[in-house]
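Hi everyone, thanks for coming.

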Amino acid sequence: MALSLQKGGNISLSKEAPNLRRILVGLGWDPRSTDGQAFDLDASAFLLAANGKVRGDHDFIFYNQKTSSDGSVEHTGDNLTGEGDGDDESIKVDLSRVPADIDKIAVAVTIHEAEQRRQNFGQVGGSFIRIVNDETGQELTRYDLGEDFSTETAVIFGEIYRHGSEWKFRAVGQGYTGGLGPMAKNYGVNI
Amino acid sequence: MQAGERKTLADLGLSERLEVRVECDLHGTDFSAFGLQGGKLADDRYMVFYNQPRSPEGAITLRPPGEFTFELQALPPAVDEVYLTATHDESPLSNAGRLNVSFGAHTFDVKPHLKAEKAVMLLRLYRHSGGWRLAAVAQGFNGGLAALVGHFGGEVAETANEPLPAASAPPVTSPVNLRKERQRVILEKAEREQPGLVSLIKTASISLEKRGLSEAQYRVKLILDISASMQREYQNGAVQKLAERALALAARLDDDGEVEVYLFGVKAHRKGALSLGNVSGFVNRMGVELEGGTHYNPVMTMLREDVRREGFDIPTLVLFITDGGTSNRDAVVRQMIEASREPIFWKFMGIDQAAGKGGFLGGLMQRAAADSFGFLEKLDDLQGRMVDNADFFSVPASIDLPDNQLFDSLVNELDSWQRDARRAGILR
């Protein structure tokens, strides 16, 4: 049974699964069951150096740039509706190939065209992020984001970060009201 | 507030007793509150809407059209969220020029979020960390109220007009009746033909709602005394006013919104049906010839015959208006005992001709009235009946008591009779 984290909690992935090499970051949310404007949520990942910024735009992995230049991080594709069980979108990370100057990988979910569609995370339920050992399929940890969001249109679900020789995961759950653009900018991406 | 925003009640400057007002300029929009358990309407009594304006403990009440009062602290712990909704039977709510929700110092403008939805969730009140929070929602269904009830897992009574929701519904105790077509058609007809009656109909419906009779269906029959002492009431329009109020009650209760009228003095007379189309001047057109006696028995026999012929499938409410005691009291007592096995509720309204009159004559009249009304009270409490099928109240001769009091009196005990009659198998 994977350990569920609360907001702010962290766990050592390396201790949960010794010799862990490849992980799958699964992200989910409830599609709206109502009619009206559909929700399109997008996952993205930021490869961040020790200063908390991307080294360059190539470290921003999203629906238009699905793989990092070194191939360590791969976005498996855009799900436009959030329908179906399980993960709605996922990001694969080969920890063994993450460049040494990358300190942490922040995983975010944003609402596409949130402003035009008048949508925000207050309207999205059942959000989660889970970390799976991609070689064994074993779920290592999971964080259910709960009902804490309001008018945010972008949320950092969690981050995978180096701690000495280990890889750890932190349940972040930090929301921003500006959407993907300002969030990317905040991480040093040129938008 | 904006859609998606969530706040604690304290942050909004609100307490757990809060009033929410929904305003919408689209005619025919209905507002409802759903108390949910784990996202589902586990108990239909927590759907507060036009046919059921109050939750069992009164924690959620609706004052139509759109004023809600919540006493959240009084809700059972199992109810963990409440959705406030707006629905329309025909039009998308985006046809409204204005749809907004106000509470405390806040307003939530829902209109910009609407597309083709005929049912929209406006607000969500939910338990969180030991308190209540409020979320502005503005999401809904193109399928209207039925789709919404389906979404909440409720069961919608099957009617010709409303498709059953596609969503699978868990078993619930009794289906929610969304059918108010009959009443709406009558109300719209009243708006066109007798606008003066519209507020009376609304007042009547409030008296019914207070007794939990919003959904009740009755044939309404009016029996009028034409003994000589009633002359003044016929001349000064008091009887016409009574007829209009009986019709207003029938607009909410009767399947065809009509009232069958009977007269009695010495004899009994059928006078046809009072309806929205003929109510103006109805009493004058009856051409009443007053009679020198008061005999309840023949008209009771006539009415019971008519009810038997029309069938016992729908109960009958009899409004029996008299200003005096009857001859042949034993026969009337027997009638009442026999009639207690029939789905008929007898409401006796005594017009007290002696009220307020002084002097020697007044004293004589008061003694006579005390005797007559004593008999009617006796009917009310008569032993040997299967159920208590009668209620009596008296009004002073001018009959100018406020409409809400009159309607309250006219439907008093109707709910308890309905319950007892159902239990006794008299009423299905």
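This is a predicted model: local features need pLDDT of at least 70, side-chain atom pairs count only at pLDDT 80 or more; totals for chains, interfaces and linings use all residues.

Helix α3(B), residues 195-210, and α5(B) have axes that come within 8 Å and cross at roughly 60°. That angle makes α3(B) oblique to α5(B). And the handedness? The crossing of α3(B) and α5(B) is right-handed.

So who's actually touching whom? On the α3(B) side you've got L197(B), L200(B), I201(B), A204(B), S205(B) and L208(B), and they meet a group in α5(B) that includes E244(B), L247(B), A248(B) and A251(B). If you sort that contact by class, there are nine nonpolar, one polar and three charged residues.

Now, on to the cores. The largest nonpolar core has 70 residues, and the members touching the most others are I223(B), A243(B), A246(B), L247(B) and L319(B). Which helix gives the most to this core? It's α5(B), residues 238-253, with 11 residues. Take A246(B) as an example: leaving out residues up to four places away in sequence, A246(B) touches V220(B), L222(B), V259(B) and L319(B). There's also a second, separate core of 54 residues, and among its members are F34(B), F70(B), V82(B) and V120(B).

Last stop, the place where the chains meet. Chain A puts in 14 residues and chain B puts in 17 residues.

Notes
Residues are numbered from 1 along each chain as its sequence is written. Chains are lettered from A and ligands numbered from 1 in the order in which they are written. A nonpolar core is a set of buried Ala, Val, Leu, Ile, Met, Phe, Trp, Tyr and Cys residues joined through C-beta atoms within 7 Å. A residue is buried if 20 or more other C-beta atoms lie within 10 Å of its own, exposed if 12 or fewer, and partly exposed in between; C-beta atoms are placed from the backbone. Helices (H or I, at least four residues) and strands (E, at least two) are DSSP runs, numbered from the N terminus. Two residues are in contact if their C-beta atoms, placed from the backbone, lie within 7 Å. Axes are lines fitted to C-alpha atoms, for helices over the stretch in contact, and angles run from 0 to 180 degrees between N-to-C directions. Angles under 35 degrees count as roughly parallel, over 145 as roughly antiparallel, 65 to 115 as roughly perpendicular and the rest as oblique. A crossing is left-handed if the near helix is turned anticlockwise from the far one by less than a right angle, and right-handed if clockwise. Ala, Val, Leu, Ile, Met, Phe, Trp, Tyr, Cys and Pro count as nonpolar, Asp, Glu, Lys and Arg as charged, and the others, Gly among them, as polar.
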